[in-house]
Amino acid sequence: MNIVITGSRDCNDSMCQKVHEITAWAKSHNHTILTGDAHGVDVVTRADCRKLHIPCSVYGAFNRFRLSNMGGHLEDCRFADYTTRDKFIVDHADLVIAVWNGKSSGTRLTFQYARVIGKKTIVRTIPDIGGK
C-alpha cells in the first residue's frame with residue numbers, strides 16, 4: 001500500500017512523535033511511503049524511513065529537490081509548483097495521513113484534495129503549543 005505522510009513545516013516534538021508512530025506502523029505492515037521534500041514532517045518521515053528501511057519515494061518541485069541528502073528515493077521534481085506536486089502524490093496513494101499544526105495552508109489543501117477525490121484520509125491535528 002502506498003501511504004502519503006504529509007504535514008506542517010513547523011514540526012514540534014509532539015508532531016515528530018506522531019510521525020514516528022505512523023512510520024513504525026507503516027513498517028510493520030510493509031507499506032511504501034510517499035512524501036515531499038520540505039522541512040518538518042517530510043524530513044522526519046524521510047529520516048524514519050531511512051532508519052527503519054521503509055521504501056520511500058520523495059517528490060520535489062521546480063525541477064529541484066530540497067534536502068536531497070535526507071534519505072528516500074528522489075522520485076520526481078518536474079512539477080511546476082508544490083500544490084501540483086502534492087496532488088500528484090495524493091493521486092498515487094492508497095491512504096493519506098496528515099500531521100498538521102492546524103495552521104499550514106499547504107497541508108490543509110493537500111488533505112482537503114485527498115478527501116474530495118475519495119482517498120482514505122487521516123488528519124492528526126497537533127497544535128503548536130510546545131515548540132521544538
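User: How do the residues of the lining of the largest pocket divide into nonpolar, polar and charged?

Analyst: The model is predicted: local features need pLDDT of at least 70, side-chain atom pairs count only at pLDDT 80 or more, and totals for chains, interfaces and linings use all residues. Residues are numbered from 1 along each chain as its sequence is written, and side-chain values use heavy atoms, without hydrogens or water. Ala, Val, Leu, Ile, Met, Phe, Trp, Tyr, Cys and Pro count as nonpolar, Asp, Glu, Lys and Arg as charged, and the others, Gly among them, as polar. The lining splits into 8 nonpolar, 12 polar and 6 charged.

User: Which residues of the lining lie nearest the centre of the largest pocket?

Analyst: A pocket is an open set of points on a 1 Å grid over the protein atoms alone, where a 1.4 Å probe fits, with protein on both sides within 12 Å along at least five of seven lines; lining residues have an atom within 4 Å of a point. Here 26 residues line the largest pocket. Nearest its centre are Arg85, Asp86, Gly106, Thr107 and Thr110.

User: Which element gives the most to the lining of the largest pocket?

Analyst: Elements are DSSP runs numbered from the N terminus: helices (H or I, at least four residues) and strands (E, at least two). β1 (2-7), α3 (82-91) and α4 (105-116) each give two or more residues to this lining. With 7 residues, the top contributor is α3.

User: In what order do the elements of the protein run from the N terminus on?

Analyst: The protein has 4 helices and 6 strands. Starting at the N terminus, the order is β-α-β-α-β-β-α-β-α-β.

User: Is Thr121 buried or exposed?

Analyst: Thr121 sits in strand β6 (residues 120-125). Buried means under 20% relative accessible area, exposed over 50%, and partly exposed in between (1.4 Å probe, protein chains only). Because its relative accessibility is 17%, Thr121 counts as buried.

User: Which residues does Thr121 touch, not counting those up to four places away in sequence?

Analyst: Contact means heavy atoms within 4.5 Å. On that basis, Thr121 touches Leu95, Val96, Phe111, Ala114 and Arg115.

User: Which residues does Arg115 touch, not counting those up to four places away in sequence?

Analyst: Arg115 belongs to helix α4. Arg115 is partly exposed, at 46% relative accessible area. Beyond the excluded sequence neighbours, Arg115 touches Thr121 and Val123.
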